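Hello,

Here is the structure I said I would hand over. Please load it before reading on; my notes follow directly below.

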Amino acid sequence: MLKLYVQDFLRYRYLLYNLISRDFKLKYRRSVLGVAWSVLNPLMMCAVMFVIFNTLMAGMRGEGIENFAVYLVIGQLLFNFFRESTTMAMSSVMNNAMLLRKVYIPKYIFPLQKICFGLVNCLFSFIALIIVMLITRAPLHPTILLGLYPLLTLAVFSLGIGMILSALAVFFRDVIHLWEVFTTILMWFSAIFYTPEQFGNALLEGLIALNPLYQYITAFRDTVMYGQLLSGAQILICAAWALVMLALGLLVFKKTQDKFVLYM
Amino acid sequence: MQQPIIEVNNVSMRFNLAKEKSESLKEYFLQLVKGKLRFDEFFALKDVSLQVQPGDFYGLIGLNGSGKSTLLKVISGVYKPSSGTCKVRGTVAPLIELGAGFDMDLTARENIYLNGTVLGFSPKYIDAHFEEIVEFSELRDFLDVPLKNYSSGMVARLAFAVATITKPDVLIADEILAVGDFLFQEKCEQRMQKLMSGGTTVILVSHSIEQIERMCNKVAWLEHGRIKMNGPTQEVCEAYKQTTREDGSH
């Protein structure tokens, strides 16, 4: 049984690759700057945010954050990766209805494709992060490489969620709107531009700690920004959220995928 | 007797009709409360059994909505039957309908690779057959033109060329030969004959009874999702023509 799945995946891995490269071609077709936008876009977004939090909303930014620009950029990039890739994954199965009605393709290819595409995009935008770090003269720690761990576990976590959402979206289009609202709420609880401690509210702190996004972002900041090693607890939390969500995603997908074509 | 390459055993395919398809949560719960869910069921296939021997050139005939395409999709693995089993021993190459698997914004060259991998070929395999595809589709001068600028005949030629570079065990063709000019149709037929002489089993759906008579050695006649008749081409086609003629004279 398992062998069959592996064979199937190996047969269609080129398709996965081609689909991702198509996403890139279409994203940057007819734009003069092309791939440079993957770097420029987050850079400009973060510049805007930075100015806003230093002028209009100066009271809201976290106190005592030594390098606010880098703190903010990391939060932004990781959260956007999560939001964009899950949102794309959500409609991926539906958008390929034409194809799925005509040929057999393993259906999980589509959410997987969107998460991979988001991940590659995110890696590009890390160039923006490095630029911000250089401008603000933030020290580059060797532990920066450990940042890959929270990033990759976040990708697995997103894949699990993307699979659940893409399956649900086939049956209920409402999910698309609900998810938009939900991620907005989630964003405010991810400590992107503040520290949970600054409010002095233990309940709120506890609530934020329950947010997996906050955990991934914090682990990433610890390694990339503060030059720390990951604690055992952090390693466990990142892996646990990712694996639980992936298992859930696979389960939901497996239970529903045979019905997809009947509802699309 | 040889083992059949395709074994369709008592397959039924049930669809929920569009009017009770729930597009939103509200509708879903409303219908759930009213007890209307799964109210209108429609059987596209009912208790269909079919055995195809290796090397057969099987034709499927029947009026619109008789379940021909559904049966093809069950065989190619797109649909999972609501009940019954479908077993295929070997690889299946479906000749997809026009345009599916192609991205109209990409060029023909890019689409050859995309569509090739959709069908499960490796890029290496496509590389090796690239010339053959270009040659057969006669589209060399348009390789780097986005597909949206192609005529439908050109798209069909490309689709057919990509799908038939392989030597599949089973080739599934749904009305594919109805596109393109007559010269290209002849070319397609020749290629399918050639594939078959190489041991490929073909299942063909067509509304052109002449084409079925010319190419197939066995025919199954579907009516309202059931197999009405199944056997050698001559017999089935005669009976089919008889009834359609009678229906037409009413």
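Leu60(B) sits opposite Val205(B), a residue of β7(B). The strands concerned are β3 (residues 57-61) and β7 (residues 201-205) of chain B, which run parallel and are joined by four bridges. Keep in mind throughout that this is a predicted model.

Both strands belong to an open sheet of six strands in chain B, ordered β5-β6-β7-β3-β8-β9, and the pairing in that sheet is mixed. The edges are taken by β5 (92-95) and β9 (226-232) of chain B; each has a single partner strand, so one side of each has no neighbour in the sheet. On average, neighbouring strands are turned by 15° against each other, direction ignored.

Helix α3 (residues 68-95) and helix α7 (residues 174-188) of chain A pack at an angle of about 170°, and their axes are 11 Å apart. Angles over 145 degrees count as roughly antiparallel, and α3(A) and α7(A) therefore fall in that class. From α3(A), Phe79(A), Arg83(A), Thr87(A), Met90(A) and Ser91(A) meet Val175(A), Ile176(A), Trp179(A), Thr183(A) and Met187(A) of α7(A). This contact has six nonpolar, three polar and one charged residues.

Last, the interface. Chain A has 22 residues in contact with 28 residues of chain B. On the chain A side, the elements giving two or more residues are α1 (2-28), α4 (97-100) and α11 (260-263). The largest share, eight residues, comes from α1(A). By class, the chain A side divides into 13 nonpolar, one polar and eight charged residues.

Regards

Note on methods
Residues numbered from 1 in each chain as written. Chains lettered and ligands numbered in written order. Predicted model: local features only at pLDDT ≥ 70, side-chain atom pairs only at ≥ 80, totals over all residues. Contact = placed C-beta atoms within 7 Å. Nonpolar A, V, L, I, M, F, W, Y, C, P; charged D, E, K, R; others polar. Axes fitted to C-alpha atoms, helices over the stretch in contact; angles between N-to-C directions. Parallel < 35°, antiparallel > 145°, perpendicular 65-115°, else oblique. Pairing = 2+ DSSP bridges.
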